[in-house]
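Visitor: Could you walk me through this structure, step by step?
Guide: Gladly; let us look at it together.

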Amino acid sequence: MTLEQTLDDGERLAQLDGEQLRQLVGLVEYGASGDPFPVSGWDSLVWVVGNAVQTAHFFQSAFGMELVVYSGPETGNRDHHGFVLRSGAARFVITGAHDPGSPLADHHRAHGDGIVDIALSVPDVDRCIAHAAASGATVLEPPHDLTDQHGTVRVAALAVHGDTRHTLVDRSRYTGPYLPGYVARTSSHVKRAGAPERLFHAVDHVVGNVELGAMDRWVEFYNRVMGFTNMAEFVGADIATDYSALMSTVVANGNHRVTFPLNEPALGKKKSQIDEYLEFYRGPGAQHVALATDDILTTVDALRAEGIEFLGTPDSYYEDPALRARIGDVRVPIEELRTRGILVDRDEDGYLLQIFTKPIGDRPTVFFELIERHGSLGFGIGNFQALFEAIEREQDERGTF
């Protein structure tokens, strides 16, 4: 399957071509004919939050996203508000309970703000669900149609770790703005003068945190049920500091459009970031979302101007001669990276630039990564030490380390 053939409607709508996606997120070509569970890409990340009205505004004003679709009491949805936001090919659906008796209120009471559904675009919902069911997966919703005047969307849903799900979506027979029950809507929010058209173009990867001893089981789930392959594994000294540790395996679909690093805690002297997440989220779930940008400096500057806080990086990181020797030449002078706290890593395929926000909600759970790839298909293994030490400093300030 060529890169252009892997594009879904959202990516074409965002005017992204196959080569741009290859650069942004490390897309690769693969033969889909033998894939028992073909996945085209991300459909949407569905959030449950305590206040969808304010959170939707936050993602517009701070992250530069655009409100495109809405569902709520005004459209006949008496259960909840749903705001659909886009930035390039990335789509967030922000939901919050309108009715105090909504199941969303119970979910939020348990977990706080977070991602409940990592929805995936697939060309054949029935084929995927048949394979998943035969492989022992829990089918939360069997294949069914959602229809309105714009056509029909075929959907189904699988259970994954914790209360997280994957809704499988086929929009090939639908011309509406999102799903039946949603209507097109724009916002009165006006970007600052001179603001970039968008701050990120796509979702690069979504990290899932699971409990101790569960990582291998969920890696095997993605291998067996969804036909994903393992891209990388990080254990031991790869992903540990003097005080805390974790283990991680990265799984990806055939074209690497959908990538899930799966983390579990490892024994350490103190509480790891994974332990902290599991404690405050009350179980497994999506820890962070990596957002792909082609200009990380502009993105970071714009986010900081809107009040987004990032993890700090000590000057010693940029003064390390081993780092300078390893990374070689990158498009941004090291001093420019230092002033913004941006990390850099290189592997055999190229290099990447990355930076991580602090948690964006009341609980120390969900945060974002900004990533700019230049050939690298990795996840910044050379930065793990600096990153985890930065997270530990934040944990120490919160009193949870």
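**A helix across strands**

Guide: Helix 5 (residues 125-134) lies across strand 6, strand 7 (151-159) and strand 8 (165-174), and helix 5 runs at about 15° to strand 7. Axes are lines fitted to C-alpha atoms, for helices over the stretch in contact (heavy atoms within 4.5 Å), with angles from 0 to 180 degrees between N-to-C directions. Helices (H or I, at least four residues) and strands (E, at least two) are DSSP runs, numbered from the N terminus. This is a predicted model, where local features need pLDDT of at least 70, side-chain atom pairs count only at pLDDT 80 or more, and totals for chains, interfaces and linings use all residues. Residues are numbered from 1 along each chain as its sequence is written, and side-chain values use heavy atoms, leaving out hydrogens and water.

Visitor: Which strands are the edge strands of the open sheet?
Guide: Nine strands form this sheet with mixed pairing, in the order 6-7-8-5-1-4-3-2-9. Two strands pair if DSSP finds at least two bridges between them. Pairing on one side only are strand 6 (139-148) and strand 9 (183-184).

Visitor: What is the bridge partner of Ser87 in strand 4?
Guide: Strand 3 (residues 80-87) and strand 4 (residues 90-97) run antiparallel, joined by eight bridges. In strand 4, the partner of Ser87 is Ala90.

Visitor: Is Asn255 buried or exposed?
Guide: Asn255 sits in the loop between strand 12 (245-252) and strand 13 (259-266). Buried means under 20% relative accessible area, exposed over 50%, partly exposed in between (1.4 Å probe, protein chains only). Because its relative accessibility is 1%, Asn255 counts as buried.
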